[in-house]
Amino acid sequence: MSNIMLLNISAADILSDPVYYALCVILSMAVLLGIHLMSKVEKAHIGNKISALAIALGIIITLIKKDILPVWLIYPGMAAGLITGLILAKRVKMIEMPQLVALLNGIGGAASAIVASFAFLVLYRGNELFGKTTASLAIVIGMITLSGSLVAAGKLHKILTQKPVILPLHQAAAVSLLIIILALVSLGGFFNFVQPSLLLLGMIVLSAVFGIIFSVRVGGADMPVTISLLNSLSGVAAAIAGFAVTDILLVSVGGIVGASGLFLTQIMCRAMNRKLLDILLGKTALKDQKSEKKEKDEKNRKVKQEKAEQESSARQQEPEEKLAAGKEKAEKDRTAETEITEEDTTTKETEPDDPMTIIRNAKHIIIVPGYGMALAHAQHLVKKLAGTLVKKSAVVKYAIHPVAGRMPGHMDVLLIEAGVAFEDVYEMDDINDEFKEADLTIVVGANDVMNPAARNAEGTPIYGMPILNVDQCKNILIFNYDLKPGYSGVDNPIYDRKDGVWIIQGDASVTLAEILNKLQ
Amino acid sequence: MDLIQYILLGIFVVATTVGYMLINNVPSRLHTPLMSGMNALSGVTILGAILATATALAGDKPVTGYIFGSLAIILAMINVAGGFSVTNRMLKMFERKKEEDE
């Protein structure tokens, strides 16, 4: 440090210690103000800009205070990161936001791990217990965040399998790995006899392996929890690295990020009625006994609607993947889907009304979009359908379950992008009492979030999970890919309801377009 | 532990608590922009990266230090720039739709 200080003494003099500390506190408060402004949709963009400005100023005062301003070698890296980041942000599609956030979580974790590695090696010779321990912890958390996030992003981007991967002795391996890592951390803190670079390497590799083990067994619908948690960890890694390098801003801002991620994780767990520990330990909803039950139920259904099953049996294994397979296949299936649609409407001929009459006459409509809508790229059609209905002087509202989509708030962003006004989008608690009064509920690609089994089917993975009260509505029109149970593996009793339920199976981008045609 | 370390711990506790309380008020429809904003904020580790790189450049292994330091700077800067920019893009979407409706 002293060498650098000789380069430019005057710059550091501008910022005396008290001024620098005061500025750090002010900038931390600016970041908090930015987050506070995020609580109102109208002011959120101002909040984001304030936070951005605070970080920019934070970089500048650090450059001045630590006399790094003339060290030109650091600028190419900053420019490269800036350009890459801006391109990434510009190119990403809204449906890909979960994987982008996961990727950025990992990148943040990696950066903190590197910073902490520097601190670790510099501090190692001394007897600085606090510094060494915090540096080790930051390395460990940063590396877990990196590898865990890369696996999560790979799953979300469908490079890796979306199903939970459970290795033999998975839990035992994870626990023992964690114990070894903690042993290494305390070794680094208390003893100096181990080769520091070896110790560092050991922590880096083992933490990375732990991150992978932790992340591979998380399945698709548990992703919101995982991403929130990794978001939190990336902040915690930054904060702890801040302890190691004694940087106030790093500690405060990292702490804020860690707290926010933890909060979102809690919300997600509550919304899914899952315990965080269960998800971390890989107690996923997909268990052997359940898939057996699933098969049995599948058989029952086959009797009921053999034909429909035949049509979709070829695609049964991985509906999500197939759904995303794109328009080409959708077009090819079009004839088949039409058949199903017609069959469905004909079997319900005994009903006093057909779905088209119900849609035409409904004045109060609630639309329930799920991740299936996003997979079918049907959000624009949904918006179009809503627009047509509004023209027929109906009131149309959207009801969003907190865990719909692959990350918190994902469904909202997709709807807003499609042109839906955010005033029409309601959170579960704000709209749940309206279902019993509504004339019609239109479900698009959602299942578990409206499964009434959550209220009474004790012992099932979704028991106790708050759900949208879709079943209280007198008329329900469901556009789902198939009638298989959702991610939870629990059957949805709504499908078996005799009155006022119409199910239109198939790719929502096709089936919705048909309904829209009939309406116009 | 030195005084500065106690101060850091205090700051950590205060920032975490206040942040936690504020995030409680963020509506769930803004949770995705909130998370991408948090991505940007976790890029604050760039401060540490800058400091580490500059220190390493003056140390006895400047080349290795520079390579890893620059890597940290690039990664952290991707977070800062990408995070804030994509958050801005999403929030503008919320803004635009509102204006169209009025």
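1. A:Lys65 is buried, with a relative accessible area of 15%, where buried stands for under 20% relative accessible area, exposed for over 50% and partly exposed for the range in between (1.4 Å probe, protein chains only). The side chain of A:Lys65 forms a salt bridge with A:Asp17, and the closest N and O atoms are 2.6 Å apart; the term salt bridge requires a side-chain nitrogen of Lys or Arg within 4 Å of a carboxyl oxygen of Asp or Glu. A:Lys65 lies in helix H4 (residues 44-65) of chain A and A:Asp17 in helix H3 (residues 17-37) of chain A, so the pair ties together parts that are 48 residues apart in sequence. A:Asp17, at 40% relative accessibility, counts as partly exposed.

2. The basis of these values should be kept in mind: this is a predicted model, in which local features need pLDDT of at least 70 and side-chain atom pairs count only at pLDDT 80 or more, whereas totals for chains, interfaces and linings use all residues. Residues are numbered from 1 along each chain as its sequence is written, chains are lettered from A and ligands numbered from 1 in the order in which they are written, and side-chain values use heavy atoms, with hydrogens and water left out.

3. Over all chains, the structure holds 5 salt bridges. Another of them joins A:Lys474 and A:Asp439, at 3.9 Å from N to O, and this pair links distant parts of the chain, 35 residues apart: A:Lys474 sits in the loop between helix H22 (453-456) and strand S5 (476-480) of chain A, and A:Asp439 in the loop between helix H21 (428-431) and strand S4 (440-444) of chain A. Both partners are partly exposed, A:Lys474 with a relative accessible area of 44% and A:Asp439 with 23%. A:Glu96 and A:Lys93 also meet through their side chains in a salt bridge, at 3.9 Å from N to O, and A:Lys93 counts as exposed at 54% relative accessibility.

4. Chain A contains 23 helices and 6 strands, these being DSSP runs numbered from the N terminus (helices H or I, at least four residues; strands E, at least two). Of the 520 residues in chain A, 59% are buried. Among contacts (heavy atoms within 4.5 Å) in chain A between residues at least 6 apart in sequence, 78% join residues at least 24 apart.

5. The interface between the chains takes 78 residues from chain B and 102 residues from chain A. The area buried between chain B and chain A is about 8200 Å², with carbon and sulfur atoms giving 78% of it; this buried area is the accessible area (1.4 Å probe) that two parts lose on being put together, summed over both. The count of salt bridges between chain B and chain A is 0. On the side of chain B that touches chain A, the elements giving two or more residues are helix H1 (3-23), helix H2 (31-42), helix H3 (46-57) and helix H4 (62-101) of chain B, and H4(B) gives the most, with 32 residues.

6. One residue of helix H4 of chain B deserves a separate look, namely B:Thr87. B:Thr87 is buried, with a relative accessible area of 1%. Not counting residues up to four places away in sequence, B:Thr87 touches A:Asn48, B:Pro33, B:Ser36 and B:Gly37.
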